[in-house]
Amino acid sequence: MTIRRFRAASHKDAMRKVRDALGDDAVIVSSRKTSQGAEIFAIGEAELALLHETEDAPTSPDFSGLAQQLLSDVQDMRAMLHQQQGEKVPDDNRKRLYRQLRAGGYSDPLSRQLVAMLPSQLNHSNKTYPEALKWLQQQLVARVSHQSNMQANDWELLQHQGVMALVGPTGVGKTTTTAKLAANYVMQHGNDSLLLVTTDSYRIGAQQQLAIYAELLDVEMHALADGDTLDALAQKMQGKRLVLVDTVGMSQRDQRLAQKIAALNSEQHAHTTRIVLLLNAAAQQETLDEVARIYQRIAAESELTISDAILTKLDETARLGGVLDTVIRHKLTVQAVSSGQRVPEDIQVPDIEQLVADSLAAEVSDSMLAASEWEQSSEKLEPSHVFTHGHLIQSSMQALRNHVPHFSELVQALKQKELPESWQNTAFPDELNMIRWAAPQPLQGWSHLTPHLGLNKHGLPLLPPVIHDNDDSVLPDMALAPVQLFDYLPETALLDIFSEHQTGWLATLNVNHKVHSQGHTVVVSELVKKHGIPLSKHTIVYRGERRRLELTVAAAESEQSQQLYQVVYGELHGGPSKNPVQRRYWMVDGHCTAEQVVERARSMMQLEEYARLTRFAWRAIDKQKLTSSTQLAVAGALAAVAMHVEYHSAAQFAGLRGELLSLSGKRGRVQGDKLVPAILHVIQAYESLVAAGREVEA
């Protein structure tokens, strides 16, 4: 099946090329004017007939083509014919969703992009509108990067060490938000490690307002003189865990804004300075878009980045779509929401699902959004949604190449059907911080061993994966990374060597494993019950949901060498049940700190799906005619990329997850088993689009 592109100096000439190539019965998928003349995309009648024959067939999971998009186009073209012939037009849920988005305050471009991706089976039936609306909510939630469902002592924003400056236009609520954050910080960390700084020397009483809060909290506060940078307060900042800066409010169009932002660039805290943009949820979407765009540009000119946002004045807005649209389009992470003046109560971690639901609850009336708005610019959403998909395919491909190290080498391996030379030396990647050694036996029902993985400093998978070689010991590679993670329990002698070299490690145990403790041999579950010490609770992302991780540790030792170990018991909580959704036991080295236990346990839990996803990817590419070793490496790489995308906390990955979820045709949470086929689809569809363009141009 091929969609062909035809270019000419005029629409008439382009149509002549279509008839010459495809015949008089060719179906025009899309046409548009270009700077060179006209461009038409068309498909032959024979191929469209073949498509009709499979219209009622179940959806294929391999994403090898654009069949589902074309089926949607066929339905839309039928609807247009009905309308032209004066017949009853089938329900158009895309139009309804578009109007709902616009009523909620979302921009026209984002609204059109989202509804164009609506699966065809949810479009032309009034009965499916509730499902279509639920699908839309899932798409929006997947695109918003945020910190949610966290406990008070795990609020990521308050764990920052260094400088945190709140910026934004006048009246957005910076001083009040500074006080709220300061109060929450003091309750969690005490007041000795916090320093408040104000740069507002313009507003009457601004410094006095923050000074009152500082006095109530018994926190040290200083004012930064106009024209000075934060380095002027270097001595005051020494010994402080967090320096919270309340900046002067300025319009995004104020010429002095660049100077004020540049003053936040401290040489001493260059790598620990965090700029948080406050967005007034009650402002117009166009204004918010301009604020985010200009503030991010000016920050970049001062070698600073703005990737965090706090949404304020939620209690004053009637339409939440505008501020969520801005967050999505400018790839900002929502760190907190504020909905009142009370200090410290009226600030909390965001519930994005509820915010999205509220944004889509606005009443749609003909007076607010005329029906003609959709029709007047219908050329923006042509009968073909293939090209909306094409835009997302190109966007996703670019994001994967830019943000996932060595992704281009995976694309090369699939295209050339052989591994890149750099992947053939079975070496771990340069960015290595941890190694996750896979179990020495395959999954049940599969004959291949899961590859080993290198992890970066964030615990995210790196490419390439390393294929098992049963003849090699892991000992030669132990010095490559400071931390070794095992999906099984290795020999005691190996763990003793790690401990002697102070190499960190964590190994998976089963519930009935026995250890030595205080002269007795005891089952790990009993050891934890009798001698376990609870650690603080933490929130992690696990299989598409945020879960609360509760850890307990107990001391143990090696019976042979008397090396000290620690047994760790982990429970994942969340959802409607009060019981844990998962229970796990691990053993770690005796030098491991509480923070390191949390980091290693989180990585192990998130990577549990790697073996299953590798097998899933293996089957997805089974028809690619690859050698067994190449197929295994590519499958492991696809699984690694999927998990890298799923668990990366940067804002740009939220948008990428949303795009991949749309392209997958799946609904619900963003999980690895949806990302693997979506990533494979992006790679294959992108190559098809490139090939189709070259074919026509030739």
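How many salt bridges does a search of the whole structure find? The search turns up 21 salt bridges, a salt bridge being a side-chain nitrogen of Lys or Arg within 4 Å of a carboxyl oxygen of Asp or Glu. The model is predicted, so local features need pLDDT of at least 70 and side-chain atom pairs count only at pLDDT 80 or more, while totals for chains, interfaces and linings use all residues. Residues are numbered from 1 along each chain as its sequence is written, and side-chain values use heavy atoms, with hydrogens and water left out.

Take Asp589 and Arg600 to start with: their closest N and O atoms sit 2.7 Å apart in a salt bridge. The pair links distant parts of the chain, with Asp589 in strand E24 (residues 582-589) and Arg600 in helix H19 (residues 594-606), eleven residues apart; helices (H or I, at least four residues) and strands (E, at least two) are DSSP runs, numbered from the N terminus. Asp589 has 3% relative accessibility, so it counts as buried, and Arg600, at 4%, is buried too (buried means under 20% relative accessible area, exposed over 50%, partly exposed in between, with a 1.4 Å probe and protein chains only).

Then there is Asp308, which forms a salt bridge with Arg274, at 2.6 Å between the closest N and O atoms. Asp308 lies in strand E10 (residues 306-312) and Arg274 in strand E9 (residues 273-280), so this pair ties together parts 34 residues apart in sequence. Asp308 is buried at 7% relative accessibility, and so is Arg274 at 12%.

Glu220 and Lys240 also meet through their side chains in a salt bridge (3.4 Å, N to O). Here Glu220 is partly exposed, with a relative accessible area of 33%, and Lys240 is partly exposed at 21%.
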